[in-house]
Protein chains: 2
Amino acid sequence: MSDEHAGIDAAEQGAAMLAAAGMPRMPARVMMALVGSPDEGYTAAELADRLGVSAAAVSGAVRYLQSMRIIQRLSKPGDRLARYDLMDDGWRSMVIANAPLYAKLGEYLDTIADENTDAPASVSRARDMAAFLRYLAERMPELVEEWENRRR
Amino acid sequence: MSDEHAGIDAAEQGAAMLAAAGMPRMPARVMMALVGSPDEGYTAAELADRLGVSAAAVSGAVRYLQSMRIIQRLSKPGDRLARYDLMDDGWRSMVIANAPLYAKLGEYLDTIADENTDAPASVSRARDMAAFLRYLAERMPELVEEWENRRR
DNA sequence: CGCACTATTCACAAATTCGTGAAATCCGCG
DNA sequence: CGCGGATTTCACGAATTTGTGAATAGTGCG
């Protein structure tokens, strides 16, 4: 029953990779499962069945993924079955959303450098790291935009 | 005693941010503490004192950070005190090292798409995500290189 | 050589995370 | 309205993670 839909192995491996990168396990599995979903998306019950977990686990995972703007809940009127589906621009907007975090981390590094007297090498390294992070924060959204253009 | 060195607050906030992004807590704290270190780096004992944790916790954290090539152990001959210090290109090489992971994840997505018949929209979205990831994998190292050039 | 001190390892304890089952809630439909 | 099915919430238990303390090992110096 769980292998009635193809792509299981790759989905699980991808989920494992995302989990290793810091994403909670269940959301990662749900997300990868949705990559191989039919066009209408999956029902919560289908996800639970497919992943072999309880409905509660799916509920928690989809809440997390919705808060991250990675999936959306498609409630077709006249049918109270909620279907879930990936946001088309999910990862791209994730990349963009992370940029301010890089900038913020850069600020912290600068603050540390400001407060670190008598350690010239350390300070200049901290400033260097901070500048790199700000560069990333600036370039990541541009990168996404370049991708949008190239893809056209 | 733990506030004898400046930069504590910003360091802790930065560490919390890194932890939220999936990095284990203790390595994150050690890493941020080293950002504000004196030029010689910190001793394991100094780190333990500064962070208010046991020597064992520091030992585990530095092992993790070394395996990630984020810090290095400076054993000055004639002194058995091991000092730890950030690798100058730590974050840049981390960014570069992640590129193959993006590519791998892209492969998984393509595999899922290959195996997903009768869901044209899902498939084309999966291919799109895969292509985006490969684009990232290709561009991230270039981004770092651009930064190196611009910096000098 | 062994002393003093530092760093690492190991087993355990605390804390957090994760997923389940059962109860509660919601909603379209008869 | 209330029924039936789907989803969410909640408290608990399991499992993984995280950090500590004590023992171990390594090393420069007397």
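The legends below describe close-up views of a predicted model. Residue numbers run from 1 along each chain as its sequence is written, chains are lettered from A and ligands numbered from 1 in the order in which they are written. Because the model is predicted, local features need pLDDT of at least 70 and side-chain atom pairs count only at pLDDT 80 or more, while totals for chains, interfaces and linings use all residues.

**View 1. The surface near DNA strand D draws on both protein chains.** DNA strand D is surrounded by 19 residues, and the closest are A:Ala56, B:Met26, B:Ser54, B:Ala56 and B:Ala57. A residue is near a strand if its C-beta atom, placed from the backbone, lies within 6 Å of it. At least two residues each come from α3 (44-51) and α4 (55-67) of chain A and from α2 (25-35) and α4 (55-67) of chain B. Helices are DSSP runs (H or I, at least four residues) numbered from the N terminus. With five residues, α4(A) gives the most to this surface. By class, the surface has twelve nonpolar, four polar and three charged residues. Nonpolar here covers Ala, Val, Leu, Ile, Met, Phe, Trp, Tyr, Cys and Pro; charged covers Asp, Glu, Lys and Arg; the others, Gly among them, count as polar.

**View 2. The surface near DNA strand C also draws on both protein chains.** Around DNA strand C there are 19 residues, the closest being A:Met26, A:Ser54, A:Ala56, A:Ala57 and B:Ala56. Two or more residues are given by each of α2 (25-35) and α4 of chain A and α3 (44-51) and α4 of chain B. The largest share, five residues, comes from α4(B). Twelve of the residues are nonpolar, four polar and three charged.

**View 3. Helices α2(B) and α3(B) are in contact.** Their axes come within 11 Å and cross at roughly 105°. Axes are lines fitted to C-alpha atoms, for helices over the stretch in contact, and angles run from 0 to 180 degrees between N-to-C directions. The two helices are therefore roughly perpendicular to each other; angles of 65 to 115 degrees are given that name, under 35 is roughly parallel, over 145 roughly antiparallel and the rest oblique. B:Arg29, B:Val30 and B:Ala33 of α2(B) make the contact with B:Leu47, B:Arg50 and B:Leu51 of α3(B). Two residues are in contact if their C-beta atoms, placed from the backbone, lie within 7 Å. The contact has four nonpolar, no polar and two charged residues.

**View 4. Helix α5 (residues 90-115) and helix α6 (residues 120-151) of chain A cross at roughly 165°.** Their axes come within 8 Å, and the crossing angle makes α5(A) roughly antiparallel to α6(A). The residues of this contact divide into 20 nonpolar, two polar and four charged.

**View 5. Chain B touches chain A.** In this interface, 39 residues of chain B are in contact with 39 residues of chain A. On the chain B side, two or more residues come from each of α1 (8-20), α5 (90-115) and α6 (120-151). The largest share, eleven residues, is that of α6(B). The chain B side comprises 23 nonpolar, nine polar and seven charged residues.
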